[in-house]
Structure formats: structure tokens, C-alpha cells
Amino acid sequence: MGKLSTKETLSFEDFKKEVLNDYKIATVSRECSLLGRKEVLTGKAKFGIFGDGKEVPQLAMAKAFKNGDFRSGYYRDQTFMMAIGAMNIEQFFAGLYGHTDLNFDPMSGGRQMGGHFATHSLDENGNWKNLTEQKNSSADISPTAGQMPRLLGLAQASKIYRNVKGLENHTQFSISGNEVAWGTIGNASTSEGLFFETINAAGVLQVPMVMSVWDDEYGISVHARYQTTKENISEILKGFQRDEENNGYEILRVKGWDYPALVDTYQKAAEIARTEHVPVLVHVNELTQPQGHSTSGSHERYKNKERLAWEAEFDCLAQMKLWMIANNIATEEELNDIDAASKKEVLEGKRSAWAAFTAPFKAEQQELVNVLNTIAASSANKVFIEKHANDLAAIKEPIRKDIITTARKVLRMIIGESGQAQLATWITDYTAKTQPKFSSHLFSQSDKTVYSVQEVKATYDETAEEVDARLVLRDNFDAIFAKHPETLIFGEDSGNIGDVNQGLEGMQEKYGEFRVADAGIREATILGQGIGMAMRGLRPIAEIQYLDYLLYAIQIMSDDLATLQYRTSGRQKAPLIIRTRGHRLEGVWHSGSPMGMIINAIRGIHVLVPRNMTKAAGFYNTLLETDEPALIVECLNGYRLKEKMPTNLGEFKTPIGVVETIKEGTDITIVSYGSTLRLVEQAAKELESVGISAEIIDIQSLLPFDINHDIVKSVAKTNRLLVIDEDVPGGASAYILQEIIENQNAYRHLDSEPQTLAAKAHRPAYGTDGDYFSKPSIEDIFEKVYAIMNEANPAKFPSLY
């Protein structure tokens, strides 16, 4: 589709054909919205949010969107997806129904409700496609403004590809950094902090980003006067406008019903962003939302008659129609014919999508009915089983829940009968076939999973010197950056001073500001930078200065990064490494260890807790060979401790999901990780003096956890278990205990009650005494173990208190 502003280079017939094609796409999209709402209200779909009222600006945006570009938007962009050829009618309805087959719902395979749009960056084996040969949409999420941080990274990737040497061969991801990242958001969502944080960061970084605000004056039922100062987002962002002396944004305003002005505006925005790498804000106002916010209610409840009348007149399709008639592009009759054809086409597409969605269910329904009737023939409960079979057969439009619940209920009736094994096998096979449709790809299923990397131990010269542990990290990062030109690291103080603990000392000077960079105090968008760049083939390491600060970014980690492979059914990935440091310092805000909160919020991201910097460096080396995201928590009080300098920097690899026994023992198994292990080791020495032999196991990896089940082997030997952690009671220690007792069945080997020793329920108090009285101490560990042994053998270990 060419620019309308250059229509003099086209014949009038070509120009007319292009405009009419746009109108056809818009009317198809509108009819999908109207019919989609009906499908929800009749119960065929569960919920719907549609893009009606936003069709024309999305057409204009699509005209400026090129191969290699990326979208990061929200759930009203269906017209755009149709206009770039990334979604058709059947796929629209398949998403609405929740079709679990990617061939029908390529957006998420039924894992997200309709309106969450994605393209496939990966093939069926998890390998990168050539992203420069297709138009790309990063997978949407529902949390308001949650698409913004990722958008920043998608745009920054172009900056990196344009400016970093050594990436010239990465042509499947970028062509000289010419790609634009396109963001969309509703005007009310610009009230979110993530929007402002991203807008500010993009202005600082000067990345090729075009940010569209669809402004229809409402956020659900709440008017703009309650959302935005001056009721106008572009007005209050005027300070971001670039000028001759200062970098900033280009800010453009355009009415959402003015087709030619929209086309011109988006062509201008694309040109600025693509060539100059300047971010552009496009404020599209005077938009409408004909069906209200969603299928949950009607906008007639909160819009007055005057507003509703204005919306009817300035509906973007109605205005586009008037413009075409006024400019002799089409007659009203011709346009009415297009309207009618679109209605018919959408209706047929909807029926086709529903038939494809229900066909497998009906086949599975009939299969189970046949099995039940066979079983009933020889069962004492024949009458009841036949009733279940008949009730199931009578369901005209069954779903899988109807099928499996019927089978499981009948199974209870035939315990001990000849048909039990047959039905039990059917249920097991059905579940094994069905469950992956809803549960696969939480982690990578490619050949580049963390389990594909073999351990490589650190090697040392006979004369290896003991150095500050930070130097092991620093020199290993040096090796990484030299070996992998696609790697880069950024965060607060990461660049100029080489991070607060000097683990990156001299790296910016050696590798440049694009690869080793400082970032503002804005954790959510630091994460977003990493997600977006990782989605475009780079290998970013996003640094969050302290573990406590991760809370600023936990929503992005949880809702976006952790779910990416899952919500795309394995067709997008972001192998981001998140670097932070935590445990054992002093004070409420710099020594927290909220690991229980973290591991339960970010399933889908590996959580690695190395006890020293050599182990941490090995994790970085391992992860760069995989295609999965991970969080590495370095020990905050370990940078100045002494470690030997390995000779195979950049090559040694710490295995993920594998524990390490760091002291053999016979009386009790103590399980811990991170900085606490040093206290455990000292306590174990003191326990030896009173005749207690403790075996110490370093977890190393919380997610995944002890994949070889080595801890239970230790418990089988010692018959006692203590989990020590500096999280709050019931935090990570409860998770660890469940893994060992329930999943590894360690209860079979216990002679004493398994116990945990955690920190106090409050945050740690300031100072050395605050640390001592807030978190487990050597004495706490000693006395906890001693008390367990006292219960087992009070004669040998008389009570201390």
C-alpha cells in the first residue's frame, strides 16, 4: 500500500483500489467486533474486548509498518493485524473461542482471550525465523500499560544493531537498525506509571519508536477529566517535544476519523523514527468506541445523549465513507455493497471457525460414549453408566471439560470391575493428549533448554592466586563480551563506574556505551529494555542493582517475561538474563531476601542463587548457550571475599537445576543457598565439636529445583532434614520443604520431623545487630540442629535450655 500523499504517482484507479481495499478491511473488522460481542452474549465465547471505533487510524498505521518492524500494543488492534495480513476472520473467532490449535488461533493457541495479538518469531522447533522478512507483533498482555516497557526494548534493539560493530551478520534480526517499534495504548492507560516511565526512557535513549494513543475520552466508564491533567496527554507531554537545542520527541496530533490526515501523519512519524531514531508520539483523538469497553456492559450507562449522537456522526467508518463519496472514490451504493459483502464474509468465517473449534470435541465425545456403553454392558452399575453416556451424548456442543468429568465420575462406579482398567487407561491417555494443549511451553521445549548444557568445571593453574571475587565476575564478563558480540549489559551504575561492586570495572571503556551502559533509576523499563532486545535476537543482561528493587519490576517479570513462551505456545521467546545482588547486608531496604514471593510470581523464569562469584559466572556462561530467561542473585556480601581465578573464563559452566554437596555428613542434612551457606558451614564446624555430623547441600537453583533428586539421597542416609533460608517464615523454605518431602518423597526416610529455620517475619533491621536478630545466625543454626538431635537422643545431647 503506497502513501496517499503521493497519489499523483498512481493512477486514479490504483488509488481508488487501495482506498476501497482499506475500507473493506475496516468493515470486516467492524463486523467481527459486532458479531464477536454476540458470540459472547450467547455463551459461545467467554469474554470479549474489540477494536470497533479504532479501525481507520489502524489502517493508516499499517501502511507505514514495514517488514522487520515490531508492534507492542493492546487488545483493540485487530484492524491493524488484519491490515498487515497477520490475522483473518477465522483466526479472529478462533481466538475468541479459545481454540487450542495454533493452526487456527496462531496468536496464542487458545491461551489468551481474543484481542491478544502475536506473530511467530520462532518455528515449530523453537528456532528463530527471519524477522526482517515479516511484519512482527510481540505477544500482548492484558495488564494496563504492560506493553510499554517491552516496547522500549524492541525499539532499542534497532539502536544497537545500527551502532554496535560485530552484529553485521545478524541480518535475520535487523537491517542496519532501520526497524521501528510501534506502540499502541488507550488514552486512559496513559495514567499508568509504566507509560510515563517508558516515555521518559525512550526520550533519553532516542530510540525509533512510534507511540500511538487511541483517545476516545474514556477509560471503561471513567471520563478523561479523571484520568489526565488538562484531559489531553499530548498537551501535558509538550515538554518532551524536541527543539534545535535538545533531544526529545516529535509530537503529532491527528483526528481519528480523518483518513487522509491519518495516512500522512503516520508516514511522517515513520520517516522520523526510522531515519533519525527519534521517538514519535502520535495522539489520535476524537475516536469512538461504539460498543463500549467490553462485553461486560453497555456504554449507554455512562455516556449522555449528546456524546452518543456525536459518536454516531463521527464514527471513523461513517466519516471515511463520506470522504470517499465526496472525493468521487465510490458511490454510496458501492460502499453499501462492500458493507453487505463484509457482513456475509464475516458470518461465514465465524461459522467456519466454530465448526473447526467444535469438531474435535464431538469426535472425542462420541469416542467416550462408545467406551462407556461397552463398559456398561458388563457392569453392576449399567443403568447409571448408560445414563452418563446418554447425558454426554445429548450435549449438542460439548467441551473437553464435559467429556473428561463424565469419564472420571463413571470410573468411581466401576472400581474393581473388569472395565476399570479400560476406562482408567482412556482417561490417562486423554489427559496426556489434552493437558499439553493448556500447559506446554512454560519453559523452552527446544534443543536449547538449560538442560541441554553440560557442566564444565572451572580449571585452575597450580599457581592460581586468590583474588577479590568480583574480579572473577569482571574477567568472566570480559570473556563473554569478547566471545558474544550480541551480549550487552545495562543498569543503574553498570556503565561508567563498572557497577556498585566493580564487577564490570573497565568494561564500558573497552566495549563502548552501547554494550555496557548506565540506565536511569527505572527498574520496570530496565526489564523492558531486556525483554524487547531479547525478542529481537540480542542477548541482554538487565541489571537490577539490589534484590529489594526487583519489586519495582516484578509485575513486568511476572506478567510479560515469565509468560512469553507459554502464552505464545512456544512461538516467541526472550532469553533475558536478569542480574541482581541480595541477601545479608544491613537494613530494611538493602538486605531483603523475598525469594518465596519471587519464585511464586515468576514461574517461567529460572531463579539461580549461586553461593559465590565463580558459580555465578558459570551460570552466565551456561545461560548464554540456552534460549530461556533467568534471574541470577549474586551474594551481596561476597564480592570482596577471596576466590581463585579460573583459567577457562567464559567457558566453565554451572549446571542449572543441580545441587552440590559441599560437606559430607551422617547425622542430618542441612539444605540452604546463597550467603547463608557460609553461616551453615561455620555452624557445622562447631557442631562437629559436640559430635554432630551435618551434611550440607547447596541448592544453587531454586527454579528448577534439584532435578536429579540428590537431596532425598542425602536424607536417606542421615534420616533428618533442616532447611535454612533468610526469607520470611513460610517463604522459600516452605517451597523447598515441599519439593523435598512431597515431590522427592523424603518423608519415607525421616526419623525426625523435617524443619525449617527462616528469618523473622519482619524486614531485617539496620546494623550488625539488626542483621543478627533478624536473620538466622550461626548460633541459631547450631541450636536448631542440636535441638533436633536432642529429641532423637537426649542422653547423648542433653537439652541446652
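Buried means under 20% relative accessible area, exposed means over 50%, and partly exposed is in between (1.4 Å probe, protein chains only). Keep that handy for the exercises below.

The model is predicted, so local features need pLDDT of at least 70 and side-chain atom pairs count only at pLDDT 80 or more, while totals for chains, interfaces and linings use all residues. Residues are numbered from 1 along each chain as its sequence is written, and side-chain values use heavy atoms, leaving out hydrogens and water.

**Exercise 1.** Work out whether Phe93 is buried or exposed, then look at its ring partner Phe92.

*Solution.* 
- Step 1: Phe93 has a relative accessible area of 0%, so it is buried.
- Step 2: Phe92 comes out at 7%, so it is buried.
- Step 3: Now the rings. Rings of Phe, Tyr and Trp (its six-membered ring) pair if their centres lie within 6.5 Å; planes under 30 degrees apart are stacked, over 60 edge-to-face, and the rest tilted.
- Step 4: The centres of Phe92 and Phe93 are 5.0 Å apart and the planes stand at 85 degrees, so this pair is edge-to-face.
- Step 5: Zoom out: both belong to one aromatic cluster, together with Phe50, Tyr97, Trp354, Phe357 and Phe361.

**Exercise 2.** Find which residue lies over the face of Trp354.

*Solution.* 
- Step 1: Lys44 is your residue, at 4.9 Å from the ring centre of Trp354.

**Exercise 3.** Give the strand order of the five-stranded open sheet and name its edges.

*Solution.* 
- Step 1: Two strands pair if DSSP finds at least two bridges between them.
- Step 2: The order is E17-E19-E18-E21-E22, with mixed pairing.
- Step 3: Strands E17 (660–663) and E22 (755–757) pair on one side only, which makes them the edge strands.
- Step 4: E17 pairs with E19 (residues 694–698) in the antiparallel sense, over three bridges.

Key:
Helix = DSSP H or I, 4+ residues; strand = E, 2+ residues; numbered from the N terminus. Lys NZ or Arg CZ within 6 Å of the ring centre and 35° of its normal.
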